[in-house]
Every structure is written in structure tokens, then in C-alpha cells.
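Please take a look at the structure shown below.

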Amino acid sequence: MLAQIKASLYRMALAACVVAFLLPVAVAYASTIFTYATGTNGVHGEFNTTGFAPRDLNRVWHNAGYFWSVAYVNQLGETYAIVTNSANPTSQTANTTYAKSRCTNQNDNSGTTWTCQTTQNP
Amino acid sequence: MKVLKHRLSWLAASLAAGVAVAIWILPTVAGSSGQQTEGPPARQAMSIFATARSMSDALPADRSKAAASLKAPANASAKVTPGQLLLDQSRKVMDAAGTSGVFVVPTQNGWVCLFGATVGCLDSFESITDGVTLGYGDGWPDSTPYVEGFASSAVTGVDVVVDGVAHRADLSDNVFFDRLAQKADWPESVVIHYRNETSKAVTIYPR
């Protein structure tokens with residue numbers, strides 16, 4: 001009986017250690033910003049994350065003075081949270097529950113490398 | 001008691017290891033250091049930074065998330081890297097509907113970042129055409145569409161055209177901002193007025 005209690009205490013301790021290790025890693029990973037598209041030029045190019053996920057941020061770093069748009073896309077294919085800007089970055093910082101992130105090159109033929117980023121794993 | 005202490009030490013060690021991995025993840029994936037950009041910096045062109053700073057110039061807490069994450073990708077060129085925000089030099093430019101105000105914050109690289117309905121930065125007024133940066137959006141989730149941007153000292157006014165009717169955006173200290181009345185509104189264009197009494201219409205991309 002005592003051995004069983006001791007064994008389950010050890011299991012609980014092990015589980016607590018695993019949680020203690022994974023929790024900060026998971027928090028960091030969830031709030032980490034990922035690049036989902038990058039390149040140069042490509043006017044009118046439209047780039048999306050491959051999957052849907054909760055998002056905290058969607059933005060594109062680009063040469064100031066050229067227009068980019070960012071938006072979220074829901075499962076019905078509807079776009080929302082649209083931001084267009086010629087300042088850098090063009091960014092949407094509102095949260096959404098479950099969406100693809102999209103960036104669209106409106107007129108950037110500057111030759112400078114642009115980078116579309118969002119949160120959650122694309 | 002000894003067993004409990006032993007377990008707590010393992011728990012603490014696991015937590016420390018997790019935090020260490022998290023610290024490694026964040027700068028590896030998201031971080032970057034600033035680089036100097038070319039050309040006259042936007043900060044030098046904005047006289048608001050020469051004025052005395054007051055308590056109301058501090059960037060509000062609701063912008064801290066956007067400010068904290070404003071780091072260009074690793075290996076990004078100087079043309080897209082604002083550099084570290086100098087939050088202790090921020091200035092409030094104006095009140096604005098649907099936000100806690102419009103603020104400008106200089107960076108270590110001489111850029112200026114505008115915190116209005118969204119966030120965008122400018123390296124130099126020489127980088128932009130028509131004397132303005134132009135930002136607009138649908139105001140999602142709980143506000144109405146907006147138009148905002150930087151304006152060079154050559155700009156005297158910005159008109160926002162909705163359904164064929166123009167109205168003047170607020171313009172102060174090289175920044176303009178306008179909040180549209182209705183969720184369904186969308187600006188068709190802006191008309192930029194210059195000190196030399198010319199003007200130019202800029203078409204806005206459809207929603």
C-alpha cells in the first residue's frame with residue numbers, strides 16, 4: 001500500500017516537472033512570431049499561412065513608401081482586420097480566434113526584401 | 001520532508017530549464033538588432049521631439065504589446081529595420097476616436113514610429129512619395145475605418161473622400177488621422193494639399 005502511494009507520488013512529481021518545463025516553452029512558442037512569406041518585388045502577390053490558428057499579430061516588413069496590405073481570412077474565405085499602409089511595417093495587432101494570416105503586395109517593386117510574419121505556427 | 005524538498009528542487013530545475021529554452025526560442029525566431037539606415041532620419045524632420053515632454057506623452061499601456069513586438073526580422077536590411085524604440089522620448093500628437101490617442105516614438109536608428117489605429121514607422125521623409133505615408137483599415141473588431149499617416153512639412157492638409165464627399169483629416173506635428181463615421185464606410189481617395197497651393201489625389205485600394 002505504502003509502495004503504491006509512493007509510486008503515485010513519484011508519478012505526480014514527474015508530471016509536475018514535465019509541466020513546469022513545457023509551460024514557459026509553450027508560452028514562448030505561442031507568442032513567437034513566425035515568418036510565413038518572404039521575397040523581393042512580386043507586385044499583386046498574395047501570401048497566406050498554410051493553416052488556421054489563433055493569431056495575435058499579422059504584419060509585413062517592407063520598404064517604407066510602398067503599399068502592402070495584411071488581413072485575416074476565416075474558414076468561409078472572408079477577409080477581415082484589413083490594414084493597408086505605406087509605412088513600415090504594415091501591421092495588424094488585433095487578436096483573432098481562428099484564421100489564416102494574409103499579406104498582399106500592392107505595389108512594392110523596390111527590390112528590398114519583404115517579410116510577412118504572424119503568430120502561431122503557420 | 002527530505003523527499004518533498006528533493007521533489008521541489010526537481011520542479012524548480014524543470015521550470016528553470018523551461019524558462020531557459022523559452023529565452024533561447026524568443027530571440028532566435030523573432031529577434032533582431034537594429035541597423036543604421038541611410039538618408040536624413042525622420043526624427044530630425046519632426047519638431048515635436050524638440051518640445052518639452054509631459055506625462056501625457058507616455059505611450060499608454062494598451063500599446064505596450066505592439067511596442068514590445070516591434071522587432072524587424074533577423075538579417076533584415078537597414079531599409080526595413082526601425083531599431084529599438086526610445087519609449088522615454090514618445091510624444092502624444094493628438095486625441096483620436098477609437099484609440100487612446102495618436103503617438104510618435106523615435107527609434108535608435110532615427111526612424112519614427114506612429115502608434116495610431118495601427119503601428120507603422122518611417123525612416124525618412126525622403127523615402128516617401130507625395131509627402132505622406134498612407135495607412136487605412138476597417139477598424140476591426142470594434143471600431144470604424146480610419147485613415148492615418150505621416151505628413152511632411154510641405155503638407156498643409158489631407159482630405160478624405162467618402163462617397164464623393166471630402167472632409168478634412170486632423171493634421172498636427174507631421175501626423176494626420178481621420179476616423180470614419182460608419183462601419184460600412186470606406187475611403188475612395190485622399191487629397192493631399194501642399195504649401196505651394198497644389199494638391200494631389202491618391203486612390204485608396206478597395207477593401
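## The largest cavity

The largest cavity has a volume of about 50 Å³. This is a predicted model. Rolling a probe the size of a water molecule over the atoms shows where empty space is left. Two cavities of 30 Å³ or more are counted here.

Residues of two chains line the largest cavity: Asn85(A) and Ala87(A), with Leu114(B), Thr118(B), Val119(B), Gly120(B), Thr133(B), Gly135(B), Glu148(B), Gly149(B) and Phe150(B). Strands β4 and β6 (146–150) of chain B each supply at least two residues of this lining. The largest share, three residues, comes from β6(B). By class, the lining of the largest cavity has four nonpolar, six polar and one charged residues.

## The second largest cavity

The second largest cavity holds about 40 Å³ of space. From chain A, its lining takes Leu57(A), Arg59(A), Pro89(A), Ser91(A) and Thr93(A). From chain B come Ala66(B), Ser69(B), Leu70(B) and Val119(B). Five residues of this lining are nonpolar, three are polar and one is charged. Val119(B) is named in the lining of the largest cavity and in that of the second largest cavity.

## The largest pocket

How much space lies in the largest pocket? The volume is about 530 Å³. The largest pocket is lined by 28 residues, and the closest to its centre are Thr93(A), Ala94(A), Gly98(B), Gly116(B) and Ala117(B). The elements that give two or more residues to the lining are β6 (79–85) and β7 of chain A, together with α3 (64–68) of chain B.

By class, the lining of the largest pocket divides into 10 nonpolar, 12 polar and six charged residues. Thr93(A) is among the residues closest to the centre of this pocket, and Thr93(A) also lines the second largest cavity.

## Strand β6 of chain B

Is β6(B) enclosed or open to the outside? Five of the five residues of β6(B) are buried, so this strand is largely enclosed by the rest of the structure. In a regular strand the side chains alternate between the two faces of the sheet. In β6(B), Tyr146(B), Glu148(B) and Phe150(B) point one way, while Val147(B) and Gly149(B) point the other way.

Strand β6(B) has antiparallel pairings with β5(B) and β10(B). Three bridges join β5(B) and β6(B). Five bridges join β6(B) to β10 (residues 175–179) of chain B. Val147(B) takes part in both pairings: Val147(B) is the bridge partner of Tyr136(B), and Asp178(B) in β10(B) is the bridge partner of Val147(B).

## A four-stranded sheet in chain A

Strands of a sheet pair through backbone hydrogen bonds, either parallel or antiparallel. In chain A, four strands form an open sheet in the order β1-β9-β4-β7, with antiparallel pairing. Strands β1 and β7 (90–92) of chain A stand at the edges with a single partner strand each, so one side of each is left without a neighbour in the sheet. From one strand to the next, the twist averages 20 degrees.

Strand β1 (residues 33–39) of chain A has five of its seven residues buried, so β1(A) is largely enclosed by the rest of the structure. Six bridges pair β1(A) with β9 (residues 114–119) of chain A. Phe34(A) stands opposite Thr118(A) in β9(A). Strand β4 (residues 58–61) of chain A is joined to β9(A) by four bridges. Here Val60(A) stands opposite Cys116(A).

## Thr119 of chain A

Thr119(A) lies in strand β9 of chain A. At 3% relative accessibility, Thr119(A) counts as buried. The side chain of Thr119(A) reaches the backbone nitrogen of Asp56(A) at 2.6 Å. Thr119(A) and Thr32(A) are 87 residues apart in sequence, but 5.9 Å apart in space, C-alpha to C-alpha.

## Asp123 of chain B

Asp123(B) sits in the loop between β4 (119–122) and β5 (135–137) of chain B. Is Asp123(B) buried or exposed? Asp123(B) is buried, with a relative accessible area of 0%. What joins the side chains of Asp123(B) and Lys79(B)? The link is a polar contact of 3.3 Å.

How values were computed:
Residues are numbered from 1 along each chain as its sequence is written. Chains are lettered from A and ligands numbered from 1 in the order in which they are written. This is a predicted model: local features need pLDDT of at least 70, side-chain atom pairs count only at pLDDT 80 or more; totals for chains, interfaces and linings use all residues. Side-chain values use heavy atoms; hydrogens and water are left out. Buried means under 20% relative accessible area, exposed over 50%, partly exposed in between (1.4 Å probe, protein chains only). A polar contact is a pair of N or O atoms within 3.5 Å; within protein, one must be able to donate a hydrogen and the other to accept it, and residues adjacent in sequence count only if both atoms are side-chain atoms. On a 1 Å grid over the protein atoms alone, a cavity is a set of points where a 1.4 Å probe fits but cannot get out, and a pocket is an open set with protein on both sides within 12 Å along at least five of seven lines; lining residues have an atom within 4 Å of a point. Grid points are joined across faces, edges and corners, and a volume is the space filled by probe spheres set on the points. Ala, Val, Leu, Ile, Met, Phe, Trp, Tyr, Cys and Pro count as nonpolar, Asp, Glu, Lys and Arg as charged, and the others, Gly among them, as polar. Two strands pair if DSSP finds at least two bridges between them. Axes are lines fitted to C-alpha atoms, for helices over the stretch in contact, and angles run from 0 to 180 degrees between N-to-C directions.
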